[in-house]
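Q: I am new to this structure and would like to go through it step by step. Could we start once it is on the screen?

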Amino acid sequence: MGTTDFITMFFEWLATFEPRALILASTAIAAGLAMIAGIGPGIGQGFAAGKGAEAASLNPKSAKSASMVMLLGAAVAETSGILSLVVALIMLYANPLVNTDGAAIILSASVIGAGLAMIAGIGPGIGQGYAAGKGTEMVGKRPQYQPMIVRTMFLGQAVAQTTGIYALIIALVLMFANPLVGLL
C-alpha cells in the first residue's frame with residue numbers, strides 16, 4: 001500500500017462520520033493541542049525561579065529585590081499560557097465553526113490548525129522566562145541598577161511575545177474569519 005492509498009483511506013474513513021461529530025472531535029483535539037504551549041512558560045518560569053534562588057543565595061541583601069523582579073518577569077512569561085488557555089476555552093465553549101455550514105473536513109482542519117497555531121507560544125514562554133531569569137540574576141548582583149535592568153527586561157519580553165501574538169491572530173482568524181470556508 002502506497003502513501004496516497006493510506007491518505008485516501010484516511011479521508012474515506014473520516015467521511016463515514018457525521019460532519020458535526022467530526023468537527024466536535026476536532027475541537028476537543030485542538031483544545032488539547034493549544035495547551036501544549038504551556039510547556040514554554042513552565043520552562044521559562046522555572047529558569048527564572050532558579051535564578052531567583054541563586055541571586056538570593058549569592059547576595060542575601062538583594063534577595064527581596066531579586067524576588068520581586070523574578071515574580072514580575074515570570075508573570076510576563078505566563079502570557080503565552082494565558083493566550084493558549086483563552087483559545088482552548090473559546091474552542092470548548094464558543095467555537096463558531098461547530099455551527100458553520102461547509103465541508104466538514106475543512107472546518108475540522110481549521111479547528112485543529114487553530115490549536116496547533118497556539119503551540120508557537122512555547123518559544124515566547126521560554127524566551128521571556130530566560131529574560132526574567134537573567135534580569136533576576138543581575139538585580140541580585142547589582143541591585144543599584146534595578147530600574148534599568150527591569151526596564152530592559154520588560155522591553156525584551158515584549159518583543160519576545162510577538163510570535164505568540166501572531167499565533168493568536170492565526171488561531172482567531174481560523175475560527176472567526178476563515179477565508180477557506182467559502183472556497184468550496
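This is a predicted model: local features need pLDDT of at least 70, side-chain atom pairs count only at pLDDT 80 or more; totals for chains, interfaces and linings use all residues.

Q: What does the UniProt annotation "transmembrane region" cover?

A: According to the unreviewed UniProt entry, that annotation covers residues 20-48, 69-93, 105-133 and 154-177.

Q: And how far apart are the end C-alpha atoms of residues 69-93?

A: They are 36 Å apart, and the chain there is 96% helix and 0% strand.

Q: Changing topic: at what angle do helix α2 and helix α6 pack?

A: Helix α2 (residues 19-34) and helix α6 (residues 104-117) pack at about 10 degrees, and their axes are 7 Å apart. The angle is under 35 degrees, so α2 is roughly parallel to α6.

Q: Which residues meet there?

A: From α2, they include Leu-22, Ile-23, Ser-26 and Ala-30; from α6, Leu-107, Ser-108, Val-111 and Gly-115 are among them. The residues of this contact divide into 11 nonpolar, four polar and no charged.

Q: Which residues touch the most other members of the largest nonpolar core?

A: Those are Val-87, Met-91, Ala-114 and Met-118, in a core of 20 residues. At least two residues each come from α2, α5 (79-94), α6 and α9 (162-176).

Q: Which helix gives the most to it?

A: Helix α9 does, with five residues.

Q: What is Ala-114 in contact with, leaving aside neighbours within four places in sequence?

A: Ala-114 contacts Met-91, Ala-171, Leu-174 and Met-175. There is also a second, separate core of eight residues, including Ala-132, Val-139, Ile-149 and Val-150.

Methods:
Residues are numbered from 1 along each chain as its sequence is written. Side-chain values use heavy atoms; hydrogens and water are left out. UniProt positions are given in the numbering used here, feature names are shortened, and annotations may be inferred rather than shown by experiment. Helices (H or I, at least four residues) and strands (E, at least two) are DSSP runs, numbered from the N terminus. Axes are lines fitted to C-alpha atoms, for helices over the stretch in contact, and angles run from 0 to 180 degrees between N-to-C directions. Angles under 35 degrees count as roughly parallel, over 145 as roughly antiparallel, 65 to 115 as roughly perpendicular and the rest as oblique. Contact means heavy atoms within 4.5 Å. Ala, Val, Leu, Ile, Met, Phe, Trp, Tyr, Cys and Pro count as nonpolar, Asp, Glu, Lys and Arg as charged, and the others, Gly among them, as polar. A nonpolar core is a set of buried Ala, Val, Leu, Ile, Met, Phe, Trp, Tyr and Cys residues joined through side-chain atoms within 4.5 Å. Buried means under 20% relative accessible area, exposed over 50%, partly exposed in between (1.4 Å probe, protein chains only).
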